[in-house]
Amino acid sequence: MSAGARPALARFARSAPRVAVLAVAALALAACGGGTEKTESPSASSSAPADGGGKPAAFPVTVAHKYGSTTIDKEPKTVVTLGLSDQDAVLALGVKPVGAVDWFKEKPYGKWPWAKEKWGSTQPEIVGERDEYNIEKIAALKPDLVIAQYSGMKKEQYDTLSKFTKVVAQPKEHPDYGAPWQLMTQQIGKALGKDAEAAKLITDIDARFKAARDKHPEWATKTLAVADSFEAGKYSAFTKIDPKSIFFQELGFKLKPEIDTLSKPGFNVAELSAEKLNVLDVDRLVWVTSSTEANDRIKAEPLYKKLKVHQEKRDLFVPYQDPDIGAAFSFNTVLSIPYAIDEIEPLLAAVK
């Protein structure tokens, strides 16, 4: 699937990962030294509190996740991120990952405007694409911590990586790719021994959302949906677990429950035919698009033309890139959210 055909953060495709073979695990183990992972119930999560100055918490810390819990004995120095947007929270907490995954070859290591300054001239090794990880590359980096929060990491991948490093997999309480940004930031902060700093990042972002809601109380009475279309006659609407929907809900908008009923369980998207476009007849409709051609094609659909949201010009066609508005609220991280709010607020406010 090419980058041009399907913008990376507009949606994700769940595919079976290429799991490393035993020989690779043995090589990795020799290269890095084995990690010790706990697999008891995640309820045993604990972390020593940070001191009053916001300095890193005392180690060891234990982080619960989908595959048990992981105890990190000392402050990590070499970090690899395998979640699609995990690098943002890690960067925000003052750590530059040495490895990261690629999203359809699109700005894979943070050339996005909200992260450029944090990366500086650093360029991490690309160690996979989405949930397909190159175990040999990861092992060669000799990480002392692997973070996979916004991910679909499988148990076999977790077990393979755990043979040579500490691994904090995705949260257990939510579907893969369905955890709130606050929880993923908390998990990353705990793993890095930076609980207090993570909590402040979350508080600051919550304040940004609240300021937008206070400025636009009318948004609380409006329903909103986020959609895309990559080929004629096929459309997608994002469910309540998708970061884009979460972003607009935190701005104050109400989501439309009918979209969730049309999706497969645990998926972040409902696939729609043209005949189902009526589910998108909401107060505000945000299309995340990659080209004017896509915009024109959507607007030319006869059944779309019948929707009041279109007839009354309450639909927004937001670019994914250049400017990177759609990418920012698709990431929906502590780094991208301020940029996304600044860019989308005037566009939404202009719709009457």
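**Exercise 1.** In this predicted model, find which strands helix H10 lies across, and at what angle H10 runs to S9.

*Solution.* Start from helix H10, residues 292-300.

**Exercise 2.** Work out the strand order of the open sheet and name its edge strands.

*Solution.* Step one: the sheet has five strands, ordered S11-S10-S9-S12-S13, with mixed pairing. Step two: S11 (269-273) and S13 (315-319) each pair on one side only, which makes them the edge strands. Step three: from one strand to the next, the twist averages 30°.

**Exercise 3.** In which sense do S12 and S13 pair, and over how many bridges?

*Solution.* S12 covers residues 284-289 and pairs with S13 in the parallel sense, over five bridges. Two residue pairs place the strands against each other: Leu285 stands opposite Asp315 of S13, and Trp287 has Phe317 of S13 as its bridge partner.

**Exercise 4.** Is S13 largely enclosed or open?

*Solution.* Take buried as under 20% relative accessible area. Four of the five residues of S13 are buried, so the strand is largely enclosed by the rest of the structure.

**Exercise 5.** Describe the span, bend and buried residues of helix H14.

*Solution.* H14 has 14 residues, 336-349, and reaches 20 Å from first to last C-alpha, close to the 20 Å expected. At Glu343 the helix bends by about 25°, and Pro346 follows within four residues. Its buried residues include Ile337, Ala340, Ile341, Ile344 and Leu348. Residues three or four places apart in an α-helix point the same way, because there are 3.6 residues a turn.

Key. Residues numbered from 1 in each chain as written. Predicted model: local features only at pLDDT ≥ 70, side-chain atom pairs only at ≥ 80, totals over all residues. Heavy atoms only, no water. Expected span 1.5 Å × (residues − 1). Bend = angle between axes of the 7 residues up to and from the residue. Buried < 20%, exposed > 50% of the residue type's maximum accessible area, 1.4 Å probe, protein only. Pairing = 2+ DSSP bridges. Axes fitted to C-alpha atoms, helices over the stretch in contact; angles between N-to-C directions. Contact = heavy atoms within 4.5 Å.
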